[in-house]
Amino acid sequence: MTITVERGARAVGKRPHTGPRRPRSQTSYALFLLPGVLAFLAVVIVPFLMNTGVSFTEWSGIGSPKWTGLDNYRRLLDDSEFWASFRHSLFMVVAMAVVPTMIGLVLAAALFDYIGKHFGSKVAAVLRACFYLPQVLPIAVAGIVWSWILAPDNGSLNALLKAVGLGSWQQDWLGDPDIALYSVMGVMVWVQLGFPLVVFMAGLQRVDPQLYEAAELDGAGWWRRFWHITLPQIRPEIYVVLTWCTVAALKVFGAVYVLTKGGPGGATDVPSYFSFTTFFEKTQAGYGAAISTVLTVIILLLAMVGLKLQTRAEDAEEGARA
C-alpha cells in the first residue's frame, strides 16, 4: 500500500507526506503576533540593552561616553541616597500592594456576598465603579488635586480639621520631612484601591454560589465565609494583584513627581525618580542608567516569582477540583 502511494505521488510530481505537518492556523497566528513582537523589541528590549550599555560608561549625555566597567555599580553599593530611596520604595509597596490588597479583599467580599444580596447587584456595581474611579484619573490630575487638598495654608484637609475643632492636628502634609512620605502613601492607597477590588470581584464570579448558601445554612457568618470560602477560592487572583501592584510600586514616578518632587530633603525620593534626577538634572547619564538597570532587574525577578506562585496556586486549585 505504501509503495502504491509513493508511486502515485511521483507520478503527479509530488513528494509523499512522511511526517506531521504544522497546522496552517499556527502560522497565521504567528503572523498576527509579529507586529507586537517587533514593537516589543523596538520599545522595550532595544532601549533596555542600550541603557545597560550606557550604565558601564561615564557620560554626561553629550559627546562620547567613556568606558568605566563596573564603576557605576560599585558606586551604587555605597550610595546612601540610593538605599534611602529604595527604603522609600518599600514603603510604597506597603501603600500600593499590601494595604490595597487587604482592603480590596474585604470590600470585594462585602460587595459580592453582602451588598449584592441585600441591596441588589446595581448598587454593588455603582460602588465598585466609585472605588475604581481613581484608577481612571491621570496620575497628574490626581496629584494636583491632592496637592490642593494637602496644602498647608488653604488646603481642604487642614480647613476641615480646623472646622471640627482639631486645629492642633493641622500639618504641612507634603512639606514636613517626618510625614511627607506617609502623606504620599495615603494618596497612593486611594489611587490603587480600585484595581484589586475589580480583580477580586471578577474572581468571585467564578466561585460556586452554592458554597456560600451551604455555609450560610450551616450558620457561618460573613467573616467565616470570607475566611474559609472567599480567600481559598481567589488565591490565584491574590497573587496576580500582589505581583502587579508590587511592580507598580517599585516603578512609581508620576505621583512623587507631581506631589513632592522627591522632597522635602529627599524624604519621598524613590529609585525611579532618583534615576530621573541623576540622569537629566545632574547629567550623570551612566550612573542614572545603572540605577534604572538595577531597578529593572529587581522588578523582573519579582515578576517571575509572582508568576511562579500564581501558576502553583492554579495547579493546586485544578488538582483539588480533580
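1. Basis. The model is predicted, with local features requiring pLDDT of at least 70 and side-chain atom pairs counted only at pLDDT 80 or more, while totals for chains, interfaces and linings use all residues. Residues are numbered from 1 along each chain as its sequence is written, and side-chain values use heavy atoms, with hydrogens and water left out.

2. Largest pocket. Its volume is about 490 Å³. A pocket here is an open set of points on a 1 Å grid over the protein atoms alone, where a 1.4 Å probe fits, with protein on both sides within 12 Å along at least five of seven lines; lining residues have an atom within 4 Å of a point. The lining comprises 19 residues, and those closest to the centre are Val-44, Phe-48, Asn-51, Ser-292 and Thr-296. Helices α2 (24-54), α14 (271-281) and α15 (285-321) each contribute at least two lining residues, and α2 gives the largest share, seven. Helices are DSSP runs (H or I, at least four residues), numbered from the N terminus. By class, the lining has 13 nonpolar, five polar and one charged residues.

3. Second largest pocket. This pocket holds about 220 Å³ of space. Of its 16 lining residues, Met-96, Ile-139, Met-188, Val-191 and Gln-192 lie nearest its centre. The largest share, three residues, comes from α8. The lining divides into twelve nonpolar, three polar and one charged residues.

4. Helix contact. The axes of α11 (residues 222-233) and α12 (residues 235-250) come within 4 Å and cross at roughly 65 degrees; axes are lines fitted to C-alpha atoms over the stretch in contact, and angles run from 0 to 180 degrees between N-to-C directions. Leu-231, Pro-232 and Gln-233 of α11 meet Arg-235, Pro-236, Glu-237 and Ile-238 of α12, a contact meaning heavy atoms within 4.5 Å.

5. Aromatic pairs. The whole structure contains 19 aromatic pairs, with ring centres within 6.5 Å (planes under 30 degrees apart are stacked, over 60 edge-to-face, the rest tilted). Phe-82 and Trp-83 are edge-to-face because their planes stand at 70 degrees, with centres 5.2 Å apart. Phe-82 is buried at 4% relative accessibility, whereas Trp-83 is partly exposed at 35% (buried is under 20% relative accessible area, exposed over 50%, partly exposed in between, with a 1.4 Å probe and protein chains only).

6. Aromatic cluster. Phe-253, Tyr-257, Tyr-273, Phe-276, Phe-279 and Phe-280 form one aromatic cluster. Tyr-257 is partly exposed at 34%, and Tyr-273 is buried at 4%.

Definitions and conventions
Grid points are joined across faces, edges and corners, and a volume is the space filled by probe spheres set on the points. Ala, Val, Leu, Ile, Met, Phe, Trp, Tyr, Cys and Pro count as nonpolar, Asp, Glu, Lys and Arg as charged, and the others, Gly among them, as polar. Rings of Phe, Tyr and Trp (its six-membered ring) pair if their centres lie within 6.5 Å; planes under 30 degrees apart count as stacked, over 60 as edge-to-face and the rest as tilted.
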